[in-house]
Amino acid sequence: MPDRNDRWDDLLRRAMRGDAAAYAAFLSDIAPVIRGIVRARTRGAEDAEDIVQEVLLAVHAKRHTWREDEPVAPWLYAIARYKAADAGRRRGRQGGHVPLDDVEEVLPDAGGDVTATRDLAVMLDRLDARAARIVRAIGVEGQSARDVGTSLKMSEGAVRVAYHRAMVSLKELAETED
């Protein structure tokens, strides 16, 4: 019997080719896992189910960004983490400590995260130091553009522009490596 990650990969691949039943099965399979991630990251916030819906909408809207030759789980978990972090910022709270025992069954495989982290570190090293610092602060650590701007003595708008440009550069670097 294939594991959950293989099943998700297969279902999303088939869905990308127009198989509506596979897409429905994919969404049904991932929803409980997304719900667990969101609840763990938001500590059971009142709006947890709204965040789950935001994640599922983001998966739908961004499904074209998933690379079929890579596992879907890390891509999916990243979307869930970012949406939960966005919700935390909207509530005016910073992320806190989440006991590992509460989320161990929904954490991605360590191998995928290690590879992704290594790949990101290599790509960030190819950017200039300021751009890499902005991407790490906003994209990895979840800091706000305002906080990053304060620490770098830049306006919030300038940080957003620099972040956008750095992300475009990272995309171009990734495309040239493929």
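What percentage of the 178 residues of the protein chain count as buried? The figure is 35%, where buried means under 20% relative accessible area, exposed means over 50%, and partly exposed is in between (1.4 Å probe, protein chains only).

1. Basis of the note. This is a predicted model, in which local features need pLDDT of at least 70, side-chain atom pairs count only at pLDDT 80 or more, and totals for chains, interfaces and linings use all residues. Residues are numbered from 1 along each chain as its sequence is written, and side-chain values use heavy atoms, with hydrogens and water left out.

2. Overall make-up. The protein chain has nine helices and zero strands. Helices (H or I, at least four residues) and strands (E, at least two) are DSSP runs, numbered from the N terminus. Along the sequence the pattern reads α-α-α-α-α-α-α-α-α.

3. Contacts and surface. Among contacts in the protein chain with a separation of 6 or more, 61% are between residues 24 or more positions apart; contact means heavy atoms within 4.5 Å. The accessible surface of the protein chain is about 10900 Å², and carbon and sulfur atoms hold 52% of that. Accessible areas come from the Shrake-Rupley method with a 1.4 Å probe, and for residues only the protein chains shown count as cover.

4. Helix α3. This helix covers residues 48-62, and its 15 residues reach 21 Å from first C-alpha to last, close to the 21 Å expected at 1.5 Å a residue. The expected span is 1.5 Å times one less than the number of residues. Buried in α3 are A48, I51, V52, V55, L56, A58 and V59. They lie on the same side of α3 because they cover an arc of only 160° around the axis, the arc being that of the directions from the helix axis to the C-beta atoms. The cover over the buried residues of α3 includes α2 (20-42) and α4 (72-90).

5. Helix α4. With 19 residues, α4 reaches 27 Å from its first C-alpha to its last, close to the expected 27 Å at 1.5 Å a residue. Its buried residues are V72, A73, W75, L76, Y77, A78, I79, A80, A84, A87 and G88. These buried residues pack against α1, α2 and α3.

6. Where α1 meets α4. The axes of α1 (residues 4-16) and α4 come within 9 Å and cross at roughly 85°. That makes α1 roughly perpendicular to α4. Axes are lines fitted to C-alpha atoms, for helices over the stretch in contact, and angles run from 0 to 180 degrees between N-to-C directions. Angles under 35 degrees count as roughly parallel, over 145 as roughly antiparallel, 65 to 115 as roughly perpendicular and the rest as oblique. R4, N5, W8, D9 and L12 of α1 make the contact with V72, A73, W75, L76 and Y77 of α4.

7. Residue D6. D6 is part of helix α1 and counts as partly exposed, at 44% relative accessibility. D6 and V72 are 66 residues apart along the chain, and their C-alpha atoms are separated by 8.6 Å.

8. L152 lies in helix α8 (residues 145-152) and counts as buried at 19% relative accessibility. Leaving out residues up to four places away in sequence, L152 touches R130, R133 and I134. K153 is in the loop between α8 and α9 (156-177) and counts as exposed at 77% relative accessibility. K153 is not a glycine, yet it has a positive phi of about 55°.
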